[in-house]
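Here is a friendly briefing to read alongside the model. Please have the sequence and the 3D view open as you go.

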Amino acid sequence: MSARIDIPNAQARHLWLAAHDLAAAPVAHIDALTTIRRLGFLQIDTIRNVTRAHNHILWSRNRSYREGDLWPLLKQRKIFEHFTHDASLIPVETLPLWQVQFARLGAKVAAYEWFKSGLGQKQVADIRARIKDEGALSTHAFDTKSKSREMWARPPHKKALDQMWYAGDLATCHRENFIKFYDLGERVFTPVETPPEAEALGALHADALNRLGMATTGEVQRFWGVASAVETRSWAADADHIPVRVEGADGQWRDAMAAPDIEARLGALPALAGQIRLLNPFDPAIRDRARTERLFGFTYRNEMFVPAAKRIWGYYVYPLLEGDRFVGRIEVKGDRAAGQMTITGFWPEEGTKWGAGRKARLDAELARFARLAGLDEVLWTPELR
C-alpha cells in the first residue's frame, strides 16, 4: 500500500470543487453531455422554483447552457434515465454496468405484496401489452385511481409503470414538458454485454472514487446507490487507492481513500474563481450535507418538504459559494408570467462582511440566473435592502 497523504482543509475544498467543475470560472463552452459525463449523472427534479434543478446544475458549470439543451440527448440515446439516489440522467456508457441496478431495484419493487397479487400481475401485463402495441405512452394514458388519500399513494398503473421502469423492462424514451413517456426497454436501450455482478459493482465503486477524488467507503457507496455497505467495504479492502487523511473545517483529521492519481490532481488544481455562484440545493457538490459541513463548515439543509413553521431559512434556499467558501444563502422565487425574479430571503454567513464589492458580485450572479429563466427583472423584498 502506498504511503498515506495528508490533505489540508484548503486543499481538500479546492480538490472537491475541482472534481465537480466548480473551481474554475464557468466560462468555457462545455456542452451538457460533457458535463454529465464528468459528474457521472445528473439529478432531475420536478420543482421549477426559478428553473428546474437539472438546468441550474448544468448552467452553474457552463453559462452558455440554456433550458431545453438537455432533452435532445435523451432522444438521441446519449443518456438514459434511471434511479441513483434519485431520478437521474446517466451517460449511456454506464449502461453495461447498470444492469445490476435494473436487476436489484426491479426485484425489490416486485417483492411488494401488490405486485405478487393477481391484480398486480395483471396490471403489469396489461400496461406492457398496451405500450408494445401502441408505442410510447405517458402515465396520463392510464386512469386507475389510488384508494388512499395519503400524499405518497400511487394508483395501480403508476405502481406497475414504476416496477417495469426500475427493472429496465420499460425506459424513459423522451419527456414532453417534463412529462415522462415510457417505451419498452428493448426499444430504447442499446444492446450491451452485461459483466458479472461482482465485476460491475467493482467498476462502479472504482468509478465513484475516481469522480469524487477522495472519499470514505460510505461516500463511495452512496455515490451510485447500487451496492450495500458490506459490498463496498469488501471492495475497498483490495481496491487500488491511496490512503489519505483529510482535514475538516473544524481542524479534525479523518481517514479516507483517494484515487490512485491523487498527487497529480493536487498538483494540477485550477485557479479558484472569485465570483459568487448561486448553487442549486440538488447540486452534487453539496448533496451530502454532512460532508459539506465537514469540509466547508457550512450547515445546510433542504427545507422544501419541511413544514413552514419548522423551517430555519425558507422553502427553496440557494447556497452562495465564493471561491472555496460559502458566504451565505438566499431565497429566490421566479414569476415567469410577470418576467420577474424576487429575493424573498437573504442570510449572510456568520463572519462574512457584505461590502459593496461582494454585493455587486451577487447582483451580477442574480442577473445572470434570471436570464437563464427568461426573466427580465430582479427585485428584492423591500425589507431585505
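Let us begin with helix α8, which is mostly covered: ten of its eleven residues are buried, where buried means under 20% relative accessible area, exposed means over 50% and partly exposed lies in between (1.4 Å probe, protein chains only). Helices here are DSSP runs of H or I with at least four residues, strands are E runs of at least two, and both are numbered from the N terminus. This is a predicted model, in which local features need pLDDT of at least 70 and side-chain atom pairs count only at pLDDT 80 or more, while totals for chains, interfaces and linings use all residues. Residues are numbered from 1 along each chain as its sequence is written, and side-chain values use heavy atoms, with hydrogens and water left out.

**Helix α8 and its surroundings**

- The buried residues of α8 include Pro156, Lys158, Asp162, Trp165 and Tyr166.
- Gly168 follows α8 and has a positive phi, near 85 degrees.
- Ala141 has a relative accessible area of 30%, so it is partly exposed.
- Between Ala141 and Val92 there are 49 residues in sequence and 28 Å in space, C-alpha to C-alpha.

**Domains and cores**

- The domain assignment gives domain 1 (112–187) and domain 2 (276–380), with bounds that come from an automatic or database assignment.
- The C-alpha centres of these two domains are 36 Å apart.
- The largest nonpolar core has 55 residues, and those with the most contacts inside it are Ile7, Trp98, Met214, Trp224, Val244 and Ile262; a nonpolar core is a set of buried Ala, Val, Leu, Ile, Met, Phe, Trp, Tyr and Cys residues joined through side-chain atoms within 4.5 Å.
- Helix α10 gives the most to this core, with six residues.
- Domain 1 and domain 2 each supply at least three residues to this core.
- A second, separate core has 43 residues, among them Ile47, Val50, Ala53 and Ala87.
- Leaving aside neighbours within four places in sequence, Val244 is in contact with residues including Arg4, Ile7, Arg254 and Met257, contact meaning heavy atoms within 4.5 Å.

**Helix packing**

- The axes of α10 (residues 197–212) and α12 (residues 229–238) come within 10 Å and cross at roughly 75 degrees; axes are lines fitted to C-alpha atoms, for helices over the stretch in contact, and angles run from 0 to 180 degrees between N-to-C directions.
- α10 and α12 are therefore roughly perpendicular to each other; angles under 35 degrees count as roughly parallel, over 145 as roughly antiparallel, 65 to 115 as roughly perpendicular and the rest as oblique.
- Leu201, Gly202, His205, Ala206 and Leu209 of α10 make this contact with Glu231, Thr232 and Trp235 of α12.
- The residues of the contact are four nonpolar, three polar and one charged; Ala, Val, Leu, Ile, Met, Phe, Trp, Tyr, Cys and Pro count as nonpolar, Asp, Glu, Lys and Arg as charged, and the others, Gly among them, as polar.
- Helix α1 (residues 9–19) and helix α14 (residues 289–296) have axes 9 Å apart and pack at an angle of about 135 degrees, and they are therefore oblique to each other.
- In this pair, Asn9, Ala12, Arg13, Trp16 and Leu17 of α1 meet Arg291, Arg294, Leu295 and Phe296 of α14.

**A buried glutamate**

- Glu219 sits in helix α11 (residues 217–224) and counts as buried at 7% relative accessibility.
- Beyond its neighbours within four places in sequence, Glu219 is in contact with Leu212, Asp288, Arg291 and Arg294.
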